[in-house]
Amino acid sequence: MRNAEEETYDYSFLWKRFAVYMLFTGTGFAAAAYLFYRSLQRLMRSAVMELEKDAAVEEKQIQMEESNTVLMENGRKLQEMILQKQDKLQEMFEMRLLKGDVTLWEEYDEYIEGFGLHPLSYYATLVAVLDLREENEAQDNVKEDAICLKIVEEMPKHLKSLAWLPPIYNACAVIAIVGEEDKTLLFDRIQEYYTGLQKYTEDVYGCRILMGVSATHSNPKEVRKAYKESVRALTKSEAGKQEKRTAPEYAPTDCRFYFEGGSASGIPYNAEYEKKMQGGIKNIDKVQCYKAADAFFRYLSEGNCNQDEIMVYTLRFVNAILLTAMEVKVDPETVFPEGLRKMYDDLLEILEPSRERRYIKKNLVDPILEIRRNLMQKRSYSILEDVEQLIREHRGNISLAECAEIMEVHPSYIWKSLKEEKGKSFSDFLEEYKLEEAKRLLLNTTMTVAEIASALNYTNAQNFIRFFSKSTGVTPGKFRKLY
């Protein structure tokens, strides 16, 4: 570009010298020379633009070559990352299958091809959980989670290789998809996986497992359905209660196969358990809350409910707990900072009623009671003021239960607060108010004793006179005369 500019300058210099000469030789020739100069200028300008354009094209080509080099390098790095993270990526793909998120055949085929997997001819899902039938009620959920996670992470390679995709951990369970070309071979593979996992868990962690096995499927889009079947098979309360089905004769009671055709138990929802839970929350009574939860799930278990019924009734029970929490001014968002949806998702993923019961106790009841206890400690003095205000507003014509309902607390909480702060029961507190109010009416009004008795909600004047005389040592009439 620099040479072109110099060339333009040189021509311009020559033209100037030529133009001066023309001024002395004639104007006509000068006009022609001017036109020639304009054409020459345009030519030079065009040449410069072409040079600039060529330079830009060349620069763009260099940039494209550099970009291609970067893309190739990034592609190589991506391929290396995929190889390094193969197991994790396969676990993510498996979770998507279990949740029903892979719905397009093209997407499914891309995963299969990308991971180098063989397509499934026949498959079943297997869900294994720790057998807690002999465990103490205080079984630590965190410990159970940790064991299941370690089983997945440290499972021997020969066991992992029996699964179509790497076994994964989810909701206190070990989940695997097992596939084969033939149904008989599939049952053999399931047996080998179950036996190996049972032995490994007993040898390493000292506990047994329960395993649910789905029906046999051939459509890859039914993995979600198969997963639900394995959960239903797992949650049978007694192996002997399972209906007869086509399953291998070797299957032990700890390995339960799904049988399609079981009917619902049809037991009704019993609202008494949620009422007891509500009372326990309002009274900040952990023992009562726990007993209500235990009784509720025992009712479901003895009723031999299927998984769908258990889930529907459990969600209704949980909703009742949350509504009660809101009634007593406990914000559910303080109980579940991550949102209620997370809590509901957790419940839907839990596989056994015993685990649902423990989840509700630990993650719902305990924090609600703790928050409520803190709130009530802050309100303890104001509660007594509120009770006094209600008694004044109703002129003593109010019961403990009515006060509790208006204040949205349990009656026993008011009773305890009065005992702790005033050393009196509610009835003592009420009688004290009535006595002071009776004195005020006797001294400051012309109301008769009968009218005062009626105003203070006594059934008759004699009962009022008896109460007043016992408290002051004089009758209402004599008290009025004396003071």
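**Close-up 1. Side chains around K342.** In this predicted model, the side chains of E338 and K342 meet in a salt bridge with an N to O distance of 4.0 Å, a salt bridge being a side-chain nitrogen of Lys or Arg within 4 Å of a carboxyl oxygen of Asp or Glu. K342 also meets D346 in a salt bridge, here at 3.0 Å, N to O. Because D346 and K342 are four residues apart in helix α13 (residues 340–349), about one helical turn separates them; helices are DSSP runs of H or I with at least four residues, strands are runs of E with at least two, and both are numbered from the N terminus. E338 is exposed, with a relative accessible area of 63%, whereas K342 is partly exposed at 38% and D346 is partly exposed at 23%; buried means under 20% relative accessible area, exposed over 50%, and partly exposed in between, with a 1.4 Å probe and protein chains only.

Close-up 2. K286 forms a salt bridge with D366, and the closest N and O atoms are 3.8 Å apart. This pair links distant parts of the chain, with K286 in helix α10 (residues 286–302) and D366 in helix α14 (residues 353–393), 80 residues apart. K286 counts as partly exposed at 40% relative accessibility, and D366 is likewise partly exposed, with a relative accessible area of 23%.

**Close-up 3. Surroundings of L117.** L117 lies in the loop between α4 and β1 (122–130) and is buried, with a relative accessible area of 16%. Leaving aside neighbours within four places in sequence, L117 is in contact with Q90, I112, W164 and L165, where contact means heavy atoms within 4.5 Å. L117 and L165 are 48 residues apart in sequence, while their C-alpha atoms are 8.6 Å apart in space.

**Close-up 4. A negative surface patch.** The residues E106, D109, E110 and E113 form a negative surface patch, a patch being made of residues with over 30% relative accessible area and no salt bridge, in which like charges are joined within 9 Å and nonpolar side chains (Val, Leu, Ile, Met, Phe, Trp, Tyr) within 5 Å. E110 is placed in helix α4 (residues 105–115) and counts as exposed at 57% relative accessibility.

**Notes to the views.** Residues are numbered from 1 along each chain as its sequence is written, and side-chain values use heavy atoms, with hydrogens and water left out. As this is a predicted model, local features need pLDDT of at least 70 and side-chain atom pairs count only at pLDDT 80 or more, while totals for chains, interfaces and linings use all residues.

Notes: Accessible areas come from the Shrake-Rupley method with a 1.4 Å probe; for residues, only the protein chains shown count as cover. Lys and Arg count as positive and Asp and Glu as negative; His and the chain ends are not counted. The place of a charge is taken as NZ of Lys, CZ of Arg, CG of Asp or CD of Glu.
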